[in-house]
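Subject: Structure handover

Hello,

Here is the structure you will be taking over. Please open it alongside this message.

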Amino acid sequence: MKYCLFTLLAGGLLLFSSCNNKGENYDRIIRNGIVYDGSGAPGIRADIGIRNDTIAFIGDLSGASATEETDAAGQALAPGFIDTHSHHAGNPFSHRDFTAVLSQGITSIIIGQDGGSNFPLASFYQQLTDTPVAVNIGSYSGHNTIRDSILGKDFKRAASAAETEKMKTLLLQDMEAGALGLSTGLEYDPGIYSAREEVLALTKIIAPYNGRYISHIRSEDRYFWNAIDEIINVGKTTGVPVQVSHIKLAMHNLWGKADSLLAIMDQARKEGVQITSDIYPYAFWHSTIRVLFPDRNFSNEKEADMILRDITLPEDIILAAYEINPAYEGKTLAAIAALENKTPARMLVELIARIEAWEKSHNDECRESIMATSMAETDITRLMQWPYANICSDGSSSGRHPRGHGAFPRVLAKYTREEKALTLAQAIYKMTGLAATNLAIEKRGFLRTGYFADIVLFNPDTVKDLATVEEPHALSEGILQVWVNGQSVYLTKKHSGLFPGQLIKRK
Ligand SMILES: [Zn+2]
């Protein structure tokens, strides 16, 4: 009644619209926000009415009431952000609040990336159903996981026809369980040893399921153009939509080639290949130290020299994890080399030799990773502006790369508000509508009647990432409130204690 009275005083037109919904009741109403619907259209002032987990009305709800009301007071309201390449669910049950995710405005994460997934997916999905978490989760089926379970330790070779058949069976089981498609991590073991034919054979069988192919491509540096050719060929041969994961030009002689890359992908699109990409907003990556050596010639000091000259510099590599000697974590390769009085190339080779020796004696995988700067800012901006590139984090909740806590707010702050590489509506589109389109997921990614009520309320003037290399887990500013499936899950920088996350299954 209070709102109706207010609008009575405000004038005739408002009187008409306000009393239109007079007496209507909702579970929740978010009032007075600037609503960006996720399509790239500019924001419009509107109220959102929610019933159960669904958006029931968008417009003027001044005559309606609800059990729970929020005054958005001219702040931005957008669809909950969708992270198309996430590592946040390592063990989702150890941090069901997903604060690292929610604090960025993300409401849905897609896991099973880089060829690694929970296996079999059906049992993981059952666990998630039994013990839901704060965010929505969807997953790909991982090629490396499947390959590993068929080839085991004898993986440094092409798979036989019989082995490929067995892999197909496992992939089909995951597709039946609702996997979004196949993910590969062709720069990693064991996928790096697969022939192109193996990947093609597996991708072909997901086509009838409307599956997608998402790939950490075979090389992001020395063999880059060949790797781009491979993913385009997967799309061309199988007809399956393909997405380049965390697209980057990660070698000095690739810098400035963003336009050439986009021309190749645009040409492929013209020829009918549904190729898209995701991208995160940092010039440094986080991965295994061994990914630097695609030919796995770890003791080759000449190769190490080339890496430290052409891909990343000794002062630009930070050891993020080094189980053998945790005192080295957080230090640069240059600093560690100085400590041991060795050349950086010698040091790099020795660090890996120690990992290999440790793994042999422990019969286990050594916890090791590095962060390395090898991308150029101008390329990041150009690739982010590509109309088919959506935003991802590639982050984790516990990792040392700040992307795990800062990626999405960083796009809104640095690339949108400060550098104006994107408009606010475009940035939101790349985090929501485009992401949902690239993934082919239903009823999310847009603020529309009948869609799930995944919503983020944020201040576009102050939203900002605070996570840094020194403080990677700092929560962002300006993300005011987050709803997942109609439930308020994040407010005043805290998880609300609710776990309304649902499974995201293939269309
Ligand atoms: Zn990756």
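This is a predicted model: local features need pLDDT of at least 70, side-chain atom pairs count only at pLDDT 80 or more; totals for chains, interfaces and linings use all residues.

Residues are numbered from 1 along each chain as its sequence is written.

Helix H4

Helices (H or I, at least four residues) and strands (E, at least two) are DSSP runs, numbered from the N terminus. H4 spans residues 121–130, and its buried residues are Leu 121, Phe 124, Tyr 125 and Leu 128. A residue is buried if 20 or more other C-beta atoms lie within 10 Å of its own, exposed if 12 or fewer, and partly exposed in between, with C-beta atoms placed from the backbone. Seen down the axis of H4, the buried residues fall within an arc of 100° (the arc of the directions from the helix axis to the C-beta atoms), so they line one face of the helix. Ser 123, Thr 129 and Asp 130 are exposed, on the face turned away from that buried side.

The cover over the buried residues of H4 includes strand S8 (136–139), strand S9 (141–142) and helix H6 (161–177).

Helix H13

H13 covers residues 377–385 and contains Thr 381. Its buried residues are Asp 379, Ile 380, Leu 383 and Met 384. They cover an arc of only 130° around the axis, which puts them on the same side of H13. They pack against helix H9 (258–270), strand S13 (275–279), strand S17 (389–391) and helix H14 (403–418).

Thr 381 has 16 C-beta neighbours inside 10 Å and therefore counts as partly exposed. Leaving aside neighbours within four places in sequence, Thr 381 is in contact with Tyr 415 and Ala 421; contact requires C-beta atoms, placed from the backbone, to lie within 7 Å. Thr 381 and Tyr 415 are 34 residues apart along the chain, and their C-alpha atoms are separated by 7.5 Å.

Nonpolar core

A nonpolar core is a set of buried Ala, Val, Leu, Ile, Met, Phe, Trp, Tyr and Cys residues joined through C-beta atoms within 7 Å. The largest one has 144 residues, of which Ile 48, Leu 77, Leu 102, Val 135 and Ile 455 touch the most other members. Not counting residues up to four places away in sequence, Ile 48 touches Ile 30, Val 35, Ile 55, Ile 58, Leu 77, Leu 447 and Ile 455.

Regards

Key:
Two residues are in contact if their C-beta atoms, placed from the backbone, lie within 7 Å.
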